[in-house]
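Biologist: I would like a close look at the aromatic rings here, and at what surrounds them. Please take me through them step by step.

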Amino acid sequence: MKKLLVSLFLIAVSFSYAQLKFEGVVVDTLNAPLELANVVAINKKTSALESYGITDVEGKFKIQLSKNNTYKIQISYIGLETVFDSITTTNEDVFKRYVLKSEAMLDEVTLNYKIPVKIQGDTLIYDADSFKTGTERKLEDVLENLPGVEINEDGQIEVEGKVVNKLMVNGKDFFDGDTKLGAKNIPSKAVDKIQVLRNYSEVGQLRGVRNNNDNVAMNIKLKEGKESFWFGDVTVGGGASPDEALYLAQPKLFYYSPKYTINFIGDVNNVGEVALSRRDIRGFGGGFRNISRRSGTDINIGDNSLNFLTNQNNALEVENRLATANFSYSPKSSLDISGFLIYNSSEFLSRQRSSIQYTDNDLGLDIPDEDTEQTSRERSDQGVIKLSASFQPNFNNQLDYDVVGRISNDEQNQLAFSSVIGNTIQRDEVNPFSINQNLNYYFTVNERNIFALEAQHLIKDEDPFYRALLGNDPDPLEEDEYDTTAEGLGLDQNQNNYDINQNRRIKANQLDARLDYYYILNDVSNLNFTAGTIFSRQRFDSNIFQFLEDGTVFNPTPDPELLGVDRESITVDNDVVYNFSDIYVGALYRLKTGIFTLSPGFSVHAYGNQNSQNGVTYEDNFFRILPEFEALLQFKKSESLTFRYEMRNQFTDVSRLAENLVLNGFNNIQYGEPELQNALSNNVSLFYRSYNLFNNTNVFARMAYSNNVDQIRGLTDFESVIRTSTFFNSSFADETFNTFGRIQKTFGKIRATFNANFNYSKLNQFIQGRRAINEGFTQSYTPSIRTNFKVAPNVTLRYNYSITDNIQGDRETTFTRSSPSINFDAYIWKKLTIRSNYAYTVQKQEGGDTQSFQTWDARLNFRNDRDAKWEYEFKITNILNIDAQVRNSANNISVFTSETFILPRLITFRVVYNL
C-alpha cells in the first residue's frame, strides 16, 4: 500500500513539472489594474478548457499551461469588452499585458466559453460543466471537484470551512434547504451553475444591518430545458449476500417551473444505503432562524428520544424505506407557498463486543474490568411535515409563517452479556410528537428605520418507556452482583428475575419572541435595539415499578443509604413542573471604518426560575448583563479575519431538577438537584479565510476557546459497575480549546489539500466524592492529493493520522490512528465508469495491542453516452468481506476497545432510467 501511494505521488509531482507558468497583468484604458478579471485558456487542438484564473488586486494573473501547445486566451471583465489572444507555449514561462476597453468602444463580441469561476460581490459562481469529468452522477460528485468546497464526514457541504445552511434550486428551497438530501439526489447532468451565497440573508431588508457572517447558502441553477419538464432518475436492482436476497428501488423525480416546483425522492432497500439518518430527519425545519440563540440564553428542553446503539453505517442488517415530497407554489409574485412531507421507516440489527478498563488509581475506585457483548434490534418510524408561506407585497413589507409537525414511533430491544452482571434483556420505546410554529414580520418604515418581529412557539410531548430483565437467585445465601443495587432500589428479591420498568412523560411548551429596531445612522453605521422574551414550561413525570412473576405490579421503596444517596428519604416517583422566563433588552452598534467592521453590544436579562415538586417550590430570580463583540477585518474581497466574543447563560432541562430516582439504564441511576443554578460561559473565536484564485490557493483557519463557570457537573458513585449520579454547580471552571485549519492549492490538474485539527479539553469530574481533572488532547493531520483530468483516470490519495491523549488523574492513555486511502475513478471510451474506494486503518494503544481493518468498495457503470436514457451498474461493497471494525477510546472514567460487526460483502446489479 505504501509503495502504491508513493508511486502515485511521484506521478502527480512529475506531471506538475510538465507545465509552465502563463503570467500577466490586466488593466483598463487608464492603466488602472482590474481586480477579478477572468482569464481562460482553451487548448486549440482539443477545443477543451485547459486552465483558468482570476486577477488579484494588482490586476495580476498566473495560470498553468502545458508545454509545446497552442492556446486561445480569453480575458473578460464585467462592463468591459472581452479580449481574445493566441499564444504558443515552448519550454519557457510566458508573460502578457492586456488592456480592456469599454464595451461602447468596440462591436459586441459573443463569449465562446463559459467562465469556470466568477466572483460577484459575496457570491461565488461555479460553472458545473467546467469541473465535470464524466464520472459524476449526483450533485455531490460535482461539488467534490470544486475548489474551496468540501463534503464533510457527516455529508454536509462546506465552503471555506463553513457549513452551508441552505440549499436552493432555481432560488427555491430544496426540502427546507437540506444540503445532504440535495447533494446525494440531484442529478449532476441537470446542474448548470452552482452559486455560493456568502453572508446570506433570507430577508433582503436586513442584509445590510444584521450580522450574517456565518450564513452560507447555495443555489443550484438548472440547465436550459430542465424547467417546466420532469427530470431525474429511477433505479431498481437486486443482488446477493451470504444471508439474504437483496433489493433496491430508488425513484427520484423533479419538476421545476417559474410558478411551481415538485420533488419526490423514494428509497426502499436492504443494502445498507440510508438516504437520511434519524439525526438528519430530526434536524429538518431548522435553517437560519434561531431566536433564543441570538439572545445569549441557552435553555435546554431536553431530548428524550432513544439513544440508539447503532450507527446506521455500522450494522449487521439494514432495511430502509423512505418517501419524501417537496413543493413550492407562487400564485403571484408577492406570495410563495411551500412545504414538504417525509416518512422514513428503518430497521437495524447490530452486534458489538467491548472490553472496558475503569480508572481506579487517583479516584480510589474499585471497579472490576468488564467485557460486554450486546445485540440490538432497532426500529424507527418517523414523519415530518412542514408548511410555509411568505407574503411580500413590496420591498418594505414581508410576512413569513411556517409550521413543522413531527411524530415518531421508535423501539429498541437489546440482549446483552456482561462479565460482571451476566445476561440482561432491555427494551426501550417512545412515541414523541412536536409542533413548532414561526411567525416573522419585517417592516421598513423608510431608508433609516426598520422593524423586525420574530416569534416561535414549540409544543413537545415525549413518553419514553424502559424495561430491563436481569437474572436473580432468590436464595439469600447466594449473592448476585445486582443484589445490592436491587436492595437499594427496594425491589422484591424473592423473584427468579428482576423485571424493572419505568414510565416517563415529558411535556414542553415554549414561546420565544423578540422585536428588533434598526436605525441607520449613515452608510457605514447603524444601531440595533432589541426587546424580547422566552417563556418555557416543562412537566416531568416518572415512575419505577417491578413486575412480579405472578403478574402483579410492585411499587418499590428505595433505601437511600444503600444507593449512596445523601438524603433521609427518596422515592421512585417524580412529578415536577418547571417554569422559566427571560425578559431582556439589548443594544448593538455596527460600524464600518476602513477594513474594519466593529459590532459591540450587550443585553440585560431578567431571569425567573421556578420548579415545584413534592409540595415544595424552589425559586430563583436574578438579573444579568451579557456582553458581545465582533470585529471583522476585510483585507480584500477574498480575504478576511473575524474575531468574536460572547458571554452566554445556560439553563438545564427539567430532568436534572427531578429529585427522586430516574433510571437511565438498569446500571445507571440518577437523582436530580432541584436547586441547580445556571452556568455561564465565555466564548472566544477567531476565523480567517482567504480564497485566492490568482494563485489557486484557499486557506481558512478557525480557533475557539470556551470557559464554563458554575458548570453543571455530575457527582457519581459506583457499586461495582453500577453508577448512581446526581448534579451540582461546580466552582471549578471547565475549558475547551479547538482549532482547525485547511490549506488547498491547485497546480494545473493537481489539487493538494492539508487539514490539521487540534482539540484540548479540561473537565472536572467528581467520583466517589473526590475531584479529579480529566484532560484530553486530540491532534489530527490529513494531507491529500487529487487529480482533475478531463479524460484520464483520476485518483485521490489521502492519509489521516491522529493522536489522542487522555489524562485521567495520574493515568495517561495514548491512542494513535493512521488511515491511508485511495479513491479511483475513470471514464473510459465515453461509456464505462469505474469507481473504487480503499482504506487501510491501523489503531494502537500505547503499551497495548494494535488492531487494523480494511474497507474496499467498487462499482462499474455502463451507458452508451452521457445523454443515454438507460444505465447499468454493478456494485460491490465490503469486497474483502471483513466482519467487524475496531475502535479504541477513553472517557472520564474508563478506557475501552470496541468491536462493531458490519454488513458482509454485498453484490448488487442495478438498472437506472434517466428521465
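Which ring does the charged end of R351 sit over, and how many Å from its centre?

Modeller: This is a predicted model. The ring is that of F901, and the charged end of R351 sits over it at 4.1 Å from the ring centre. There is another contact of this kind: R771 lies over the face of F732, 3.8 Å from the centre of that ring.

Searching the whole structure gives 30 aromatic pairs. One of them is made by Y482 and Y498, with 5.9 Å from centre to centre and 55 degrees between the planes. Y482 belongs to the loop between β28 and α5, while Y498 belongs to strand β29, so the pair links distant parts of the chain, 16 residues apart.

Y607 and F651 form another tilted pair, with centres 4.9 Å apart and planes at 45 degrees. Here strand β33 (residues 596-613) supplies Y607 and strand β35 (residues 639-651) supplies F651; the two residues are 44 apart in the chain. Y607 and F651 are both buried.

Rings can also gather in a group: F174, F175, F231, F254 and Y256 make up one aromatic cluster.

Y126 stands opposite I194 of β15. Strands β9 (residues 123-127) and β15 (residues 191-198) run antiparallel and are joined by five bridges. Both belong to an open, mixed sheet of six strands, ordered β8-β9-β15-β16-β13-β14. Its edge strands are β8 and β14, each pairing on one side only.

Note on methods
Residues are numbered from 1 along each chain as its sequence is written. This is a predicted model: local features need pLDDT of at least 70, side-chain atom pairs count only at pLDDT 80 or more; totals for chains, interfaces and linings use all residues. Side-chain values use heavy atoms; hydrogens and water are left out. Two strands pair if DSSP finds at least two bridges between them. Helices (H or I, at least four residues) and strands (E, at least two) are DSSP runs, numbered from the N terminus. Rings of Phe, Tyr and Trp (its six-membered ring) pair if their centres lie within 6.5 Å; planes under 30 degrees apart count as stacked, over 60 as edge-to-face and the rest as tilted. Buried means under 20% relative accessible area, exposed over 50%, partly exposed in between (1.4 Å probe, protein chains only). A charge sits over a ring if NZ of Lys or CZ of Arg is within 6 Å of the ring centre and within 35 degrees of the ring normal.
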